Amino acid sequence: MPSAPSWHPHLWHPTTQVARSEPPLRAVRGQGALLELDDGRQLIDAISSWWVTLHGHAEASIAAAVARQAHTLEQVIFANFRHPTAEALAERLSACSGLERLFFSDNGSTAVEVALKIAWQWWHNQGIARPQLIAFDGAYHGDTFGAMALGERSLFSAPFEPLLFAVARAPWPASWWNDDRVEAREAASLERLEHLLSHPTAAVILEPLVQGASGMAMVRPAFLRQVEERVRAAGALLIADEVLTGFGRCGELFACQLAGIRPDLMSLSKGLTGGFLPMGVTLTSEALYGGFISEQPGHTLFHGHSFTANPLGCAAALASLDLLEAHPERYRGFEARHLPRLEALAQHPAVRRPRLRGSIAAFELAVENPGYLNPAGRRLQALALEQGVFLRPLGHVVYLLPPLCISDQQLDQCYGAVRSALDQL
Ligand SMILES: *Cc1c(COP(=O)(O)O)cnc(C)c1O
């Protein structure tokens, strides 16, 4: 029975203030770029269900791979066992990332936690004191404590402030179309970074090319190469959080490849299983792995999750990689699909700072008080919903990040809904 939107008596929703939100929509089915509600309405999922649905909802080949695996081996303790699906996934991810070792966990936050623990303990195991960690302004690395500490301090982390370890920060020189001040901002950021790196530093962490949660803040590839140069010169480790940007989102399989940087550690999740199952991985170099092999028990990486290397997740990830390999034009060519549509939209007087990277198109609303709590984005979200398009602006930042399967007609519908919402704001 379809029901009017209401709050369930037993569910608690993520990052949702019940006192200030509409009750959630009730989804009963997903197919391709569409979500179907219990009242029969169909919505285009223009943000890939929080950036995870890579190919499309209920993608048949991934569904079949998960079902086959469920009938074969659904789970096994990964401390004492390995299994063929995990082996195959590790081999393929190593080959396409250039990082030889893979540690499994359950989501993006844990993939970051593990990267941080490996980086930190690698120095510790050598008896070398490098007490500083560096991240960027605006960073988001997840909601668990370590990941939260690395991220920019905000409304989200405020209650926990006394529990978060210190992290040094450099500015993130985000840019947009026709931005003529970007060189100066990049130079200032690099100068700050260089200064910070004069203190002994364990690791620098960044979201390559696109900071997601802070508002689709995009930097230029050349800036990341200059960051890497400075990190290398200081002998620190470089962690790339590709939880959002991985698996073709930016136009190459990994954003680091597009930027031309080679991190020591890489965190992946979101698109890893095509959006089917929660899984994270941390990839590292063989050199880092070697730093944990020792007769001393204290040199072990004592970290493990019950569902480490879950075979269903591994099977989904392999099927998703098959699709990416079979149709690289779907992610390599996505930017060219956004481009003319975003160019046209950018003419709208309410659109500021348009920007584009791969399948991620974003702009800012011309508002007085920009930020996550600015209500303009929410109004735009409600208006787009009336046009059958699901968006979730980040405050005053509006973005489209659709599944790769979205048709041209559906993409036009997304841009049309945004335009008509802008006209009504
Ligand atoms: C979403 C995200 C995370 C956290 O991933 P979860 O699976 O939500 O824990 C970490 N880093 C980046 C860059 C993300 O976009």
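Two strands are taken to pair if DSSP finds at least two bridges between them. Helices (H or I, at least four residues) and strands (E, at least two) are DSSP runs, numbered from the N terminus. With that in place, strand β5 (residues 132-136) runs parallel to β6, and three bridges join them. Phe-136 has Ala-170 in β6 as its bridge partner.

All of this comes from a predicted model, in which local features need pLDDT of at least 70, side-chain atom pairs count only at pLDDT 80 or more, and totals for chains, interfaces and linings use all residues. Residues are numbered from 1 along each chain as its sequence is written, and side-chain values use heavy atoms, with hydrogens and water left out. The chain averages a pLDDT (the predictor's confidence in each residue, from 0 to 100) of 97, and 99% of the residues score at least 70. Mean confidence is lowest in helix α13 (residues 376-386), at 96, and highest in strand β10 (residues 237-241), at 99.

Back to the sheets. β5 and β6 belong to an open sheet of seven strands, ordered β4-β12-β11-β10-β7-β5-β6, with mixed pairing. β4 (101-105) and β6 (168-170) stand at its edges with a single partner strand each, so one side of each has no neighbour in the sheet. From one strand to the next, the twist averages 20°. Helix α3 (residues 84-97) packs on this sheet, touching β4 and β12 (280-284), and its direction makes about 125° with that of β4; angles run from 0 to 180 degrees between N-to-C directions, and axes are lines fitted to C-alpha atoms, for helices over the stretch in contact. Helix α7 (residues 221-234) lies across β5, β7 (201-206) and β10, running at about 145° to β10.

A further open sheet has four strands in the order β1-β2-β3-β15, again with mixed pairing. Here β1 (27-31) and β15 (389-390) are the edge strands, each with a single partner, so one side of each is left without a neighbour in the sheet. Four bridges pair β1 with strand β2 (residues 34-37) in the antiparallel sense, and Arg-29 sits opposite Glu-36 in β2.

As for helix packing, α2 (residues 60-70) and α10 (residues 311-326) pack at about 150°, with their axes 8 Å apart. The two are therefore roughly antiparallel (angles over 145 degrees) to each other. Residues in contact (heavy atoms within 4.5 Å) include Ile-62 and Val-66 in α2 and Leu-312 and Leu-323 in α10. By class, this contact has 10 nonpolar (Ala, Val, Leu, Ile, Met, Phe, Trp, Tyr, Cys and Pro), three polar and no charged (Asp, Glu, Lys and Arg) residues, with the others, Gly among them, counting as polar.

Technical notes
Angles under 35 degrees count as roughly parallel, over 145 as roughly antiparallel, 65 to 115 as roughly perpendicular and the rest as oblique.
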